[in-house]
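Good morning, and thank you for the time on today's agenda.

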Amino acid sequence: MKLTRHLTGVVIASTCLCAPALAQTKLTMWYHGAGNEVESRILNQIISDFNTSQSDWTVTIESFPEKSYNDSVAAAALAGNLPDILDVDGPVMPNWAWAGYLQPLPIDESEFADFLPGTKGVWDGKLYSVGLWDAAVALFARQSTLDGLGLRTPTLDKPWSREEFMAALDAAKASGKYEFALDLGMNDQAEWYSYAFSPFLQSFGGDIVDRSTYKTAEGALNGEAAQAFGKWWQSLFTGGYAPGTSEDPADQQTGFIGGKFAFQWNGNWRAVATMEAVDDVVFLPAPDFGAGNKIGAGSWQFGVSAKSKHPEGAAEFIKFAAQDKYLAAFSDGIGLIPPTPSAAQMTKNYKDGGPLAAFFDLSKAQALVRPVTPGYVVQAKVFTKALADIANGADVADTLDAAVDEIDADIESNGGYGHR
């Protein structure tokens with residue numbers, strides 16, 4: 001007889017004469033969602049399922065507050081203490097890959113052929129990360145508002161034009177029923193600005209940076225299309241259509257629901273709570289300002305750190321977590337978009353005919369990832385400041401030119417960020 005110690009730490013008698021099983025190799029994982037009880041519960045269940053599904057690997061997780069997560073990763077990279085599996089925000093991934101925090105996923109990209117484009121982190125032609133959900137933005141409205149103002153209900157196939165959108169705002173403003181025609185969430189001067197508002201610029205025909213080379217913002221952020229966008233953007237605030245940067249943060253939570261705004265530009269993460277409070281809410285596609293209607297794409301994803309000694313184990317966990325049943329669980333739990341059509345059919349909100357099915361279609365048809373470059377982390381901050389300044393009355397041309405100069409100086413100081 002010999003004694004066998006189980007994973008629970010309990011010692012029991014065993015009469016087995018076979019060789020003892022090898023211990024599972026430990027994999028460490030960092031996650032940005034500390035404090036998010038629903039996300040953490042689902043992720044911990046996936047980890048538990050993975051650990052008991054096989055005998056080679058065991059994943060342990062450490063969660064960080066989102067606001068300090070990126071700094072924690074940068075500090076750990078400098079000290080050489082990165083975990084095996086990293087959680088990374090989609091648009092930040094190219095910077096982490098370029099900086100040597102991540103390695104390409106040792107997984108054939110065909111494994112994720114059905115995933116929405118925005119859930120796949122590709123840099124320099126290689127897949128580095130995969131997301132278990134995506135996010136989308138839409139124009140929230142009440143059907144009764146559209147009908148009452150005599151407005152056509154836009155569709156994905158026939159969205160509002162710029163003229164129709166402004167006519168809708170004019171009609172709402174003239175009705176006298178609302179404090180503002182439109183809520184944009186201007187108080188949130190973090191990633192929201194580039195995620196939510198750069199698609200407007202792109203629909204005008206501009207961009208944060210020239211994506212043909214990623215070596216300059218000249219012409220993209222200050223060209224004719226960008227100037228037209230900037231003037232339109234400023235008119236939303238000078239014309240009294242939307243509150244500016246001093247907007248109450250609570251407005252994105254309750255403003256539309258309470259009737260303060262006729263329309264709200266918001267994400268699908270607010271859709272469930274809005275549906276519970278507004279029985280005739282509809283989610284409308286982005287207007288087409290001339291170069292097609294666009295919305296942002298790319299949310300948090302999982303990748304393998306460059307320093308991992310067990311990339312094959314980390315990859316096995318990521319593939320395990322990417323099963324449809326877990327994608328559906330995240331969608332049902334936190335309201336975000338499942339990455340695959342088959343997972344969508346397993347959800348209560350995104351299946352065919354579901355109340356949020358429109359968001360899956362919007363993401364598939366309109367989504368454009370933020371600039372895929374290591375320089376994005378700087379470009380996003382420059383873009384945010386420029387839009388806030390323009391909203392507050394700064395000269396459009398001067399502000400955009402200054403933003404281009406700042407972005408180009410950063411690209412040059414970093415040797416072009418590896419773009420050839």
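This is a predicted model: local features need pLDDT of at least 70, side-chain atom pairs count only at pLDDT 80 or more; totals for chains, interfaces and linings use all residues.

The chain is divided into two domains, each made of two segments: domain 1 covers 26–133 and 299–368, while domain 2 covers 137–295 and 372–418. Their centres, taken over C-alpha atoms, are separated by 27 Å.

How do the two domains meet? On the side of domain 1, 22 residues are in contact with 26 residues of domain 2. Between them the domains bury about 2,000 Å², and 71% of that area is on carbon and sulfur atoms. Within domain 1, the residues that lose the most area to domain 2 are Phe359, Gln366 and Leu368, which together account for 33% of what that side buries.

What polar links are found across this boundary? There are zero salt bridges between domain 1 and domain 2, and five residue pairs are in polar contact. Four elements each supply at least two residues of the side of domain 1 that touches domain 2: helix 3 (93–99), strand 7 (120–123), helix 13 (357–366) and strand 15 (367–369). Helix 13 gives the most, with six residues. By class, this side of domain 1 has 16 nonpolar, five polar and one charged residues.

I now turn to the salt bridges. The count for the model comes to seven, and I shall present three of them.

In one of these, Arg152 pairs with Glu164, with the closest N and O atoms 2.9 Å apart. This pair links distant parts of the chain, 12 residues apart: Arg152 is in the loop between helix 4 (143–148) and helix 5 (162–175), whereas Glu164 is in helix 5. Arg152 counts as partly exposed because its relative accessibility is 27%. Glu164, at 29% relative accessible area, is partly exposed.

Another salt bridge joins the side chains of Asp207 and Arg211, at 2.7 Å from N to O. Is Asp207 buried or exposed? Its relative accessible area is 10%, so Asp207 is buried. Arg211, by contrast, has a relative accessible area of 23% and is therefore partly exposed.

The remaining example pairs Lys319 with Glu316, at 3.4 Å from N to O. Both residues lie in helix 10 (residues 311–321), three residues apart, which is about one turn of the helix. Lys319 is partly exposed, with 31% relative accessible area, and Glu316 is partly exposed, with 37%.

Thank you for your attention.

Note on methods. Residues are numbered from 1 along each chain as its sequence is written. Side-chain values use heavy atoms; hydrogens and water are left out. Domain bounds come from an automatic or database domain assignment. Contact means heavy atoms within 4.5 Å. Buried area is the accessible area (1.4 Å probe) that two parts lose on being put together, summed over both. A salt bridge is a side-chain nitrogen of Lys or Arg within 4 Å of a carboxyl oxygen of Asp or Glu. A polar contact is a pair of N or O atoms within 3.5 Å; within protein, one must be able to donate a hydrogen and the other to accept it, and residues adjacent in sequence count only if both atoms are side-chain atoms. Ala, Val, Leu, Ile, Met, Phe, Trp, Tyr, Cys and Pro count as nonpolar, Asp, Glu, Lys and Arg as charged, and the others, Gly among them, as polar. Buried means under 20% relative accessible area, exposed over 50%, partly exposed in between (1.4 Å probe, protein chains only).
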